[in-house]
Amino acid sequence: MSESQHADWNPLDPLILQDQRGAYDEMRERCPVAHSEFMGWSLFRHEDIAAVLDDPETYSNASRFLAIPNGMDPPVHGRYRETLDAFFDQEQMAGIEPRVREIAANLLAPLCAGKEGEFIDAFATPFAFRTLCALLGWPEQLWECLGGWAHDNQVAAVSRTPGVGKALASLFSEHVKANLTSHRASPSGVDDATDALLRAEVDGVRLDDDQIVAVLRNWAAGQGTVVAGLGILILHLAREPELQERLRSDPSLIPASIEEILRRDGPLVANPRTTTREVEIGGRTIPKGGKLALMWIAANRDPRAFEDPDAVRIERNPEAGMVWGRGIHVCQGAPLARLEMRIALEELLARTKRFEFADDTPRRAVYPVNGPATLFLRLG
Ligand code: HEM
């Protein structure tokens, strides 16, 4: 079947966008390998996605755009990945932790004092993008440019309006290159991630400015996913005062809770692959060059992989989950994302006795992310 012949579903149907999680659960059971004009072949089952992740030779990540390292296949991917993994190692994370905590504390102070507020705009978005600025050694007021760019990029992923994606890519490139120029002209003296990117080498050759832009595009998009993740965590905890209390009295349970809450309701909808040969998945034949979408939210809620998947059980083995993907393209920024979400929860729980919804119906964010777009909280 050619990609344009037949559509099993429409991922942008308003009914699907209204409840992405429920709709993907339904697709996984009714049509686990489903074709759409928008996404190509969507895979919903945990087992099918795991098989794709284990076989990068058949399922390629190669992209016509420069995307480092996610738009690359082995062996080139591994060489870039090795250089860039160092930016998220334990030492780097330990170094940034005090500043991330300060950023969280500064944003939470007015929110907690006011006793009521909208969490996504007042905390999650500025927190994630200020953290990125701090990591890069950029002036922190630039967080609004980065956050605005990531948001507009998410909107453009749905609208696919001709020219918009390209315009956003140029805008981002200009921002990054301006910061590279100012770093070169007056090094801050602090060895930040921008200095390290300007020195970084792959195969003995330094990254050029366009390559650094292609790296940072991923980091900024990743922070957009952190915003969605924080929204999901707070949404869940606001509904579950008992779990809130458990984490308040034993913060060592926070990391496992983050993994499990995000397994149940994931912040990222899908990532693509392209087949390098004809394949058969779930009884359907997908031609060479077929576009696949790995539907993370559906896989992480597959009852074949997780008993009672809708229940949050923090003692579950997080290895089975695919919140961060797995295999060679497993999320490179996961150590940073985990650090940010842990610190945000530690600080919020320590400053409150309880938080709950101040309005009943949080507005949802939609593809390419998932979670609440607005979250009005009452903090006690
Ligand atoms: C809650 C937040 C996040 C989630 C749930 C998440 C999830 C994921 C997933 C599922 C993948 C695998 C994609 C695939 O297999 O095609 C991935 C890849 C990636 N993520 Fe994240 N991510 C998050 C935050 C971040 C952050 C903060 C950064 C960087 C600052 C980041 C950087 C990357 C990069 C560079 C890749 C590509 C890795 C490669 O191709 O080798 N992510 N992420």
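In which loop does D203 lie? In this predicted model, in which local features need a pLDDT of at least 70 and side-chain atom pairs count only at pLDDT 80 or more, while totals for chains, interfaces and linings use all residues, residues are numbered from 1 along each chain as its sequence is written. Side-chain values use heavy atoms, with hydrogens and water left out. D203 is placed in the loop between strand 5 (201–202) and strand 6 (205–206), where helices (H or I, at least four residues) and strands (E, at least two) are DSSP runs numbered from the N terminus. Although D203 is not a glycine, its phi is positive, at about 55°.

Two cis peptide bonds are also found in loops. The bond from I68 to P69 is cis, with omega near 0°, and P69 belongs to the loop between strand 3 (59–60) and helix 4. Y367 and P368 are likewise joined by a cis peptide bond, with omega about 5°, and P368 is located in the loop between strand 12 (364–365) and strand 13 (371–372).

The ligand is surrounded by 28 residues, of which the closest are H77, R81, R273, H329 and C331; a residue counts as near when one of its heavy atoms lies within 4 Å of the molecule. This shell divides into 15 nonpolar, eleven polar and two charged residues, where Ala, Val, Leu, Ile, Met, Phe, Trp, Tyr, Cys and Pro count as nonpolar, Asp, Glu, Lys and Arg as charged, and the others, Gly among them, as polar. A polar side-chain atom of H77 lies 2.7 Å from an oxygen atom of the ligand, and side-chain N or O atoms of R81 and of R273 are each 2.7 Å from a ligand oxygen atom. The elements that give two or more residues to the shell are helix 4 (76–85), helix 10, strand 7 (270–275) and helix 14, and the largest share, six residues, comes from helix 10. The iron atom of the ligand has a single donor from the protein, C331 (SG), 2.3 Å away, donors being N, O and S atoms within 2.8 Å of the metal (3.2 Å for Na, K and Ca), and sites may look incomplete, since water is not among the atoms. C331 is found in the loop between helix 13 (296–299) and helix 14.

The axes of helix 10 (residues 209–239) and helix 14 (residues 334–351) come within 10 Å and cross at roughly 35°; such axes are lines fitted to C-alpha atoms, for helices over the stretch in contact, and angles run from 0 to 180 degrees between N-to-C directions. The contact (heavy atoms within 4.5 Å) involves residues including V226, L230 and L233 of helix 10 and M341, A344 and L348 of helix 14.

Methods
A polar contact is a pair of N or O atoms within 3.5 Å; within protein, one must be able to donate a hydrogen and the other to accept it, and residues adjacent in sequence count only if both atoms are side-chain atoms.
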